[in-house]
Every structure is written in structure tokens, then in C-alpha cells.
Amino acid sequence: MTNTLWKCEQLRAGQITNQVVFDDEQQAHHFVREMRSVEPDIFWRIEPVDAQMVWN
């Protein structure tokens, strides 16, 4: 088990409107691909996050 989680942030007009966290990079990229097919005009950012930054 790795200590890295993958955070997806939905951005609209420069503001974060939604955040979703995944256990691995593949899940995060799959989620973003699906969301872009539904709403192609909304930008998603994917970044790795240390699990300790999400949960204590």
C-alpha cells in the first residue's frame, strides 16, 4: 500500500467546485475521462497527494 492518493479537482471560472480522491492514478484518470465525455467544457486537474494531508 502506498501513501499516495490522487485528487481530482473540478474547476469552473478559476474556482474549485468539486474534489474527489482516488486510491490510484488509473482510477483518477478513468474518472476524469468519463466526466470530460459528459461535460467537456469543465476543466479537471489531477494531482498526487500524500495521504497524511487528507487524513490524520
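Let's start with Lys 7, which sits in strand S1, residues 4-12. Strands here are DSSP runs of E with at least two residues, helices are runs of H or I with at least four, and both are numbered from the N terminus. Keep in mind that this is a predicted model: local features need pLDDT of at least 70, side-chain atom pairs count only at pLDDT 80 or more, and totals for chains, interfaces and linings use all residues. Residues are numbered from 1 along each chain as its sequence is written, and side-chain values use heavy atoms, with hydrogens and water left out.

Back to Lys 7: what does its side chain make a polar contact with? The partner is the side chain of Glu 9, at 3.2 Å. A polar contact is a pair of N or O atoms within 3.5 Å; within protein, one must be able to donate a hydrogen and the other to accept it, and residues adjacent in sequence count only if both atoms are side-chain atoms.

Now to the rings, where the structure holds two aromatic pairs. The planes of Phe 22 and Phe 31 are at 45 degrees and the centres 5.2 Å apart, so this pair is tilted. Phe 31 and Trp 44 pair edge-to-face, with 5.2 Å between centres and 90 degrees between planes. For pairing, ring centres of Phe, Tyr or Trp (its six-membered ring) lie within 6.5 Å; planes under 30 degrees apart are stacked, over 60 edge-to-face, and the rest tilted.

Phe 31 belongs to helix H1 (residues 25-38) and Trp 44 to strand S3 (residues 43-50), 13 residues apart. Together, Phe 22, Phe 31 and Trp 44 form one aromatic cluster. Thanks, everyone!
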